[in-house]
Amino acid sequence: MRDEARNAAFDVLRAVDERDAYANLLMPRLLRERRLGGRDAALATELAYGTLRGLGTYDAIIEYCTDRAPDPDVRDALRLGAHQLLKMRVPPHAAVGTTVDLVRLRVGVGASKFANAVLRKVAARPLDDWIPIVAPEDPVGHMSVAHSHPRWIVSAFRDALGGDDAETADLLAADNVRPLVTLVARPGRSSVAELQDSGAEAGRYSPYAAYLPEGDPGQVLAVAEYRAAVQDEASQLVALALARVPVEGRDEFWLDMCAGPGGKAGLLDAIAAYGDPDEGFPGGKHLLAADVQYHRARLVWQTTREASVITADGTEPAWRPGAFDRVMLDAPCTGLGALRRRPEARWRRDPAGVPGLGALQRGLLATALDAVRPGGVVAYVTCSPHLAETGIVVSDVLRRREDVEQLDARSYLTEVPDLGDGPHAQFWPHRHGMDAMFLALLRKR
Ligand SMILES: C[S@@+](CC[C@H](N)C(=O)[O-])C[C@H]1O[C@@H](n2cnc3c(N)ncnc32)[C@H](O)[C@@H]1O
């Protein structure tokens, strides 16, 4: 009998390797097409996602056990075998036997003998005994192999955590755990109580959050009707913080400058239009949501109800200076704060992209500050804790202008502990169970 789960996992690994497929888009499609459900579907998913997350560790061990680099298809099968042996604790005879069968069927007899020899060596030790053998001694190199993250990402995380190796290791470990599915109940359109009736549990920090322990969020009626959505709690809290900052005088026009696909715009739109008595938000305000990409602006249009949505480049504003009272700038970034969401994402990110993003982030922050009136407030947000995208961007822009003061973002989110030394707020997977999102709040003088 064909081993359908392992075949599906192998196909996902090959597609990620060969054509940059996204595992969490491809896997559900393969499961549907091949009619795999229940335990087979769960096994295929764990095999593929777990292997992709762990392959930095597995490759180091495989390299130690081979005297020549395996071909890419054999290497993917070996990674799959190593994951079963070292993480899933599949009995060695089953893990080796099924992987060797897979290689024989999908690659060839010669390759299957090679795979058999390598996997027997891999099986000789448990994971904890392999790490001291294959991981470099320097702290960053060690964590990179032990927790399966590229070295430059470990280094960036460590810098953002003030050089604390123990905490960096905790963060990397948290990145290897699949996050909870978190929903947002958009105020005036849904409620946490409604989501609880659909089987979710109330969130820990955001008043709009609910965790869905199992099941397809698309089956939740409020989600299907765009009254609620899937949204990490940190994304909810940065939008909430922007709405909480008191502004004197007019407070009617809000802008979301980089809105696509519309997660934060969906929440801001509801808060602006319908308000929230529990938070003292009166409603009756208007959100303009913009994105440079037409198809992403369309998604914003779909998910919001009252907002105006336009396709516009935030660096060449389509609005008058000072037109807005509150501006959300959720800047394009490396996304290093959400690596736990996509199993292969960490291997795709490229440090060479950071300087270009930094220039775009500075440009967008400058136009966001121009877009807000004196007394108004800008939220600068990234889904990355990389200092070159967070604190350094903010301080560079502030150094060049006299008309902006930075607020203590933590004081608008007092229900959330451990947001760092301020004045900005940094969320963390290992501290808060949320994406590593960054928030700076800036008031125009
Ligand atoms: C981090 S995403 C925003 C996520 C969104 N706020 C949400 O919560 O769903 C950044 C967005 O910025 C958009 N973008 C990139 N460059 C831009 C520019 N110059 N002007 C406006 N939008 C831009 C991208 O198309 C992308 O949709």
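Select residues 157-445 to begin: over this stretch the chain is 33% helix and 20% strand, and the end C-alpha atoms are 33 Å apart. Helices (H or I, at least four residues) and strands (E, at least two) are DSSP runs, numbered from the N terminus. An unreviewed UniProt entry annotates residues 157-445 as "domain: SAM-dependent MTase RsmB/NOP-type"; such annotations may be inferred rather than shown by experiment.

The model is predicted: local features need pLDDT of at least 70 and side-chain atom pairs pLDDT 80 or more, while totals for chains, interfaces and linings use all residues. Residues are numbered from 1 along each chain as its sequence is written, and side-chain values use heavy atoms, without hydrogens and water.

Next, select the ligand and the 19 residues around it, of which Gly263, Asp291, Arg296, Gly314 and Asp330 come nearest; a residue is included if one of its heavy atoms lies within 4 Å. By class, this shell has 9 nonpolar, 5 polar and 5 charged residues, with Gly counted as polar.

Now display the polar contacts, pairs of N or O atoms within 3.5 Å. At Cys258, a polar backbone atom is 3.1 Å from a ligand nitrogen. At Lys264, a polar backbone atom is 3.0 Å from a ligand oxygen. At Asp330, a polar side-chain atom lies 2.7 Å from a ligand nitrogen. The protein covers 86% of the 600 Å² of accessible area that the ligand has on its own (Shrake-Rupley method, 1.4 Å probe).

Finally, show the whole protein chain, which has 19 helices and 12 strands. Its C-alpha atoms fill a box of roughly 75 × 45 × 35 Å along the principal axes.

Methods: Polar contact = N/O pair within 3.5 Å; in protein donor to acceptor, adjacent residues only side chain to side chain.
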